[in-house]
Amino acid sequence: MDVRRLELLLALSRQGSMHAVSETLGVTTSTVSQQIAALAKEVGTPLLEPDGRRVRLTPAGRRLAGHAVEILAAHEAARADLDPSAEPAGTVRIAAFHTVIRDTLLPVVHRLAADHPAVRLEIQEQEPVEARAMLERDEVDLVVSYDYNLAPAPHDPALVVTPLWERSWSLAVPTRSRRTTGPAADVVAAFADSDWIVNSRDSGDEQVVRTLAALAGFEPRITHRADSLSLVQEMITAGLGVALLFADYPKTTGISLRRLRDPEPSMRAHALTRRGRDAWPPLALLLTLLAA
């Protein structure tokens, strides 16, 4: 099978129309049509079928597009192995959570634009559970996820895990709350009668809250759930409860941070890729930049 034809098929599977493929790749729609027709002859089965005035991939076409991801990745890896000076090129699909997109991915976007313009990123915001499911379905090439030292997440051995960073968490409480010091259990015990705010889609921080509360000898009253840290901040300011926030969270009117130690909870960010895919040059480059 011709690698260029596989690239066109994969692009069509992702973009949905020959016109979009021609615009993105700088070829004519007739070229896209002819090359995919030639690919269908190579594999001996139809790859396209009519869909109104447009076309769509047949089931065989979708299966071949799925194989094309790994074939093209292997082709790129082989090319880079034979020509280490070759410039990485291609589109890396990423699912990541809000904080890491803002603080880690966006700086890398600027670096790629300046130094590696042939590498493009397609980024979408997703919480870890949804992002990992997308990676398993091969809908993305890279997931940036997180877990906590007090609530470690299990990892599939079929995935490669690249640690990125670790940040400590503190207890965020309304200003003028009673000051507390000492081990984490003593700090959270002072708020045993408070309502607690946790994440709505990922259970990791709730496990951390429950672990700290258990050390303090009480069951936390979890009343509110929110994904956005800025929304959590506003809920605390409104007097709705207390929650965990980054220890280096910007000083905010209406909120005080209580240090937690012995144990000190922390969030750990890591990149996940399918085993064997991490050698694909554009993805390998991105992993190197993220880890740095």
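Predicted model: local features only at pLDDT ≥ 70, side-chain atom pairs only at ≥ 80, totals over all residues.

Residues are numbered from 1 along each chain as its sequence is written, and side-chain values use heavy atoms, with hydrogens and water left out.

**Stop 1: the largest pocket**

Select E7, R14, L25, G90 and T91, which of the 24 lining residues are the closest to the centre of the largest pocket. A pocket here is an open set of points on a 1 Å grid over the protein atoms alone, where a 1.4 Å probe fits, with protein on both sides within 12 Å along at least five of seven lines; lining residues have an atom within 4 Å of a point. This pocket holds about 590 Å³ of space, a volume being the space filled by probe spheres set on the points, which are joined across faces, edges and corners.

Next colour α1 (3-15), α2 (18-25), α4 (59-82), β3 (90-96) and β4 (119-125), the elements that give two or more residues to the lining. Helices (H or I, at least four residues) and strands (E, at least two) are DSSP runs, numbered from the N terminus. α1 gives the most, with seven residues.

**Stop 2: the second largest pocket**

Move to H98, T99, D227, S228 and L229, which lie nearest the centre of the second largest pocket, among 29 lining residues. About 450 Å³ of space lies there. Elements that supply at least two lining residues include α5 (98-115), β6 (159-174) and α9 (229-237).

**Stop 3: helix α2**

Which residues of α2 are buried? Select M18, V21 and S22; buried means under 20% relative accessible area, exposed over 50%, and partly exposed in between (1.4 Å probe, protein chains only). They lie on the same side of α2 because they cover an arc of only 100 degrees around the axis, taken from the directions from the helix axis to the C-beta atoms. On the face turned away from that buried side, find the exposed residues H19 and E23.

Now pick T24, also in α2. T24 counts as partly exposed because its relative accessibility is 46%. Its side chain makes a polar contact of 2.8 Å with that of Q15; such a contact is a pair of N or O atoms within 3.5 Å, and within protein one must be able to donate a hydrogen and the other to accept it, with residues adjacent in sequence counted only if both atoms are side-chain atoms.
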